[in-house]
Amino acid sequence: MTSDLYPGERLDELHRNGYKIIQNPEKFCFGMDAVLLSGFARVKPGERALDLGTGTGIIPILLEAKTSGEHFTGLEIQEESADMARRSVAYNHLEEKISIVQGDIREADHLFALASFDVITCNPPYMTGSHGLVNPHLPKAIARHELLCTFEDVATQAEKLLRPGGRFYLVHRPFRLAELIVTLSRHHLEPKRMKFVHPFVDKEPNMVLMEMIRGGKPRVTVEAPLIVYKEPGVYTDEIYDIYGY
């Protein structure tokens, strides 16, 4: 496995353990939502985690840096993104801790043993086919719109692959919250923690971070909101802490 850069790619600093990640701005680069999810998720010592739709591997790499989990797996359908993720893993010498598997989320239960993960994370496409304009560049469109899988597919696989009592972590858009909760509950993924992310203190939230427990009892805690900017162009201290600056 080579970690050389291909035409159009760049090596970005992650500000954690000296790790870097390979990305191609013409294809797709990770956003703040992935970083915030990596700060919200909890992977305990000895636990195994799976990231559904891992893209270029940002969430497994950050979780390896931030937590004491035993092993991390990223599942990605796009060959080019999976290849970049594998090369980033190799660049950071994390082959013993992180595995990248190319495959379809909808077939994840055929790729992994049932109830084999303690933690599952997902930063899924936010938009359905009826929401907004679909990006003409296919990798970006797949990341942002439900072209290759729906949220129903994600919840179905999370239920199958999590052990009883396992945790599912998600970042999504608040405007779909009612639909998300109904779908999650139908798949016995009970919401336990929720945190809204606001761009500014006086603006409505544009992201929601959620923790679910497979087979958990109904009770959810809404945590204090996360504010991204204290003034235009200046992050709050909490954001700087999550990024590791």
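User: How should I read the numbering and the values?

Analyst: Residues are numbered from 1 along each chain as its sequence is written. The model is predicted, so local features need pLDDT of at least 70 and side-chain atom pairs count only at pLDDT 80 or more, while totals for chains, interfaces and linings use all residues, and side-chain values use heavy atoms, with hydrogens and water left out.

User: Why is R87 called buried?

Analyst: Buried means under 20% relative accessible area, exposed over 50% and partly exposed in between, using a 1.4 Å probe and protein chains only. R87 has 0% relative accessibility, so R87 counts as buried. Its place is in helix α3, a helix being a DSSP run of H or I with at least four residues, while a strand is a run of E with at least two, numbered from the N terminus.

User: What makes the pair R87 and D83 a polar contact?

Analyst: A polar contact is a pair of N or O atoms within 3.5 Å; within protein, one must be able to donate a hydrogen and the other to accept it, and residues adjacent in sequence count only if both atoms are side-chain atoms. The side chains of R87 and D83 are joined at 2.9 Å. The side chain of R87 also has a polar atom 2.7 Å from the backbone oxygen of D4.

User: Why is K97 called partly exposed?

Analyst: Its relative accessibility is 25%, so K97 counts as partly exposed. You will find K97 in the loop between α3 and β5. Its side chain makes a polar contact of 3.2 Å with the side chain of E64.

User: What makes a group of residues a nonpolar core?

Analyst: The residues are buried Ala, Val, Leu, Ile, Met, Phe, Trp, Tyr and Cys, joined through side-chain atoms within 4.5 Å. The largest such core here has 38 residues, and L36 and I239 have the most contacts inside it. Elements giving two or more residues to this core include α1 (32-40) and α8 (237-243). Not counting residues up to four places away in sequence, L36 touches V197, M207, L209, L226, I239 and I242.

Conventions
Contact means heavy atoms within 4.5 Å.
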